[in-house]
Structure formats: C-alpha cells, structure tokens
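Here is a short briefing on one chain.

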Amino acid sequence: MGKIKCECCGSYHDTENMDISFKKPMSYFQVSESDRENRINLDSDDFIVIDNEIFLVRGVLPIPVHDHEEFCWGVWARVDEQTFADIWHMFEHDGSGLIFDGLLDDAPIGYKDSYDQNVKIYLGTSDQRPKFMFLDDCCKMAHEQKNGVSLHDLSETREAILGR
C-alpha cells in the first residue's frame, strides 16, 4: 500500500484506494426498514426509485488533492423522471458530452451542508459512472471541489467517516 509522509503532521498517510463511496443515498435511509421492500425499486447498484416519485442516480464527485491524484466521493443525486430515464438509457452506452441537472442526495459527516445542493451530472463512456460537479461554491464540499484539499485534510476526513 502506498504511503506518503505528511508535511503537516509527520504521519504517513495511505494514498491508495482513498475514495469513499455510499452504496445507498440518504433518501433510502429516510424510508423505514420495514417499508423499503414495498416502496423502493433496487434493480441496479446505480439507480434507485422510491415511491415512483424520487429518482436517484449514483455517480462520482471528484475533489482535487494537492500534489496527488484526485479523490472521488461515490454519492447520489436526485433527478427528475425524464432525466432518470435518459441517464438509464445511456448508462451502457457512450454518453460523453451529455449533461443533466440534479440535487446531491448525500451529506457525509462534516459535509451536512452538501445535501440538496445543485449539481451538474456529466455522462462519460459506458465504463464510467456519471461525474457530479457543483454549480457554485455553495457548501464545504463544493469549496473543496473548486480549490482542492491537502492529503492531510483528506486523511482526517476519511478517519472521521470510516474510522481508519
């Protein structure tokens, strides 16, 4: 496993497999466990429909890491029904250049202000998850997406969320 000595604290931080991914969006957990089977359609790891009203798409939200490769949050966005159908249709095809609107449906520890923020959803090739980009500097995560983070700060975030 790759490690880099941190200039801030002198500790060694892991540099492999840094991404953090959420297998389910926040909206999923707002449905009681006993109701999920009847109210949630889970036909795919990347698409969820709740009550035939809430349409969710899984993607990645990249964050530049200073002097290192980017880190990606694996998060979810709520979209309207037509956007959901369009992304679903293009998911196994080259959707490069297609852009949609959505609302972030995740708020990791330390990033509660990211929930419900506007994102642009950029489709890529068939082997890429959609990429989510904030429209403005609306929250801490958007600020980090725009300005990047240090490896030290990323390591602290990972420890707070994953406990490692």
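A77 counts as buried because its relative accessibility is 0%; buried means under 20% relative accessible area, exposed over 50%, and partly exposed in between, with a 1.4 Å probe and protein chains only. The model is predicted: local features need pLDDT of at least 70, side-chain atom pairs count only at pLDDT 80 or more, and totals for chains, interfaces and linings use all residues. Residues are numbered from 1 along each chain as its sequence is written, and side-chain values use heavy atoms, with hydrogens and water left out.

**Strand β7**

- A77 sits in strand β7, residues 68-79. Strands (E, at least two residues) and helices (H or I, at least four) are DSSP runs, numbered from the N terminus.
- A77 touches F55, L56, V57, L103, L104, D105, V119, I121 and F132, leaving aside residues up to four places away in sequence. Contact here means heavy atoms within 4.5 Å.
- R78 has a relative accessible area of 16%, so it is buried.
- The R78 side chain makes a polar contact with the D105 side chain at 2.5 Å. A polar contact is a pair of N or O atoms within 3.5 Å; within protein, one must be able to donate a hydrogen and the other to accept it, and residues adjacent in sequence count only if both atoms are side-chain atoms.
- Beyond four places in sequence, R78 touches residues including S27, I54, Y115 and D116.

**Helix α3**

- Which residues of α3 are buried? In this helix, residues 81-90, they are T83, F84, I87 and M90.
- These residues lie on the same side of α3, because they cover an arc of only 140° around the axis. The arc is that of the directions from the helix axis to the C-beta atoms.
- The face turned away from that side carries the exposed residues E81, Q82 and H89.
- The buried residues of α3 pack against β5 (47-50), β6 (54-65), β7, β8 (99-104) and β9 (118-122).
- At the start of α3, a side-chain oxygen of D80 comes within 3.1 Å of the backbone nitrogen of Q82.

**Nonpolar cores**

- The largest nonpolar core has 33 residues, and L61, W73, I121 and M141 have the most contacts inside it. Such a core is a set of buried Ala, Val, Leu, Ile, Met, Phe, Trp, Tyr and Cys residues joined through side-chain atoms within 4.5 Å.
- A second, separate core of seven residues includes V31, I40, I48 and I50.
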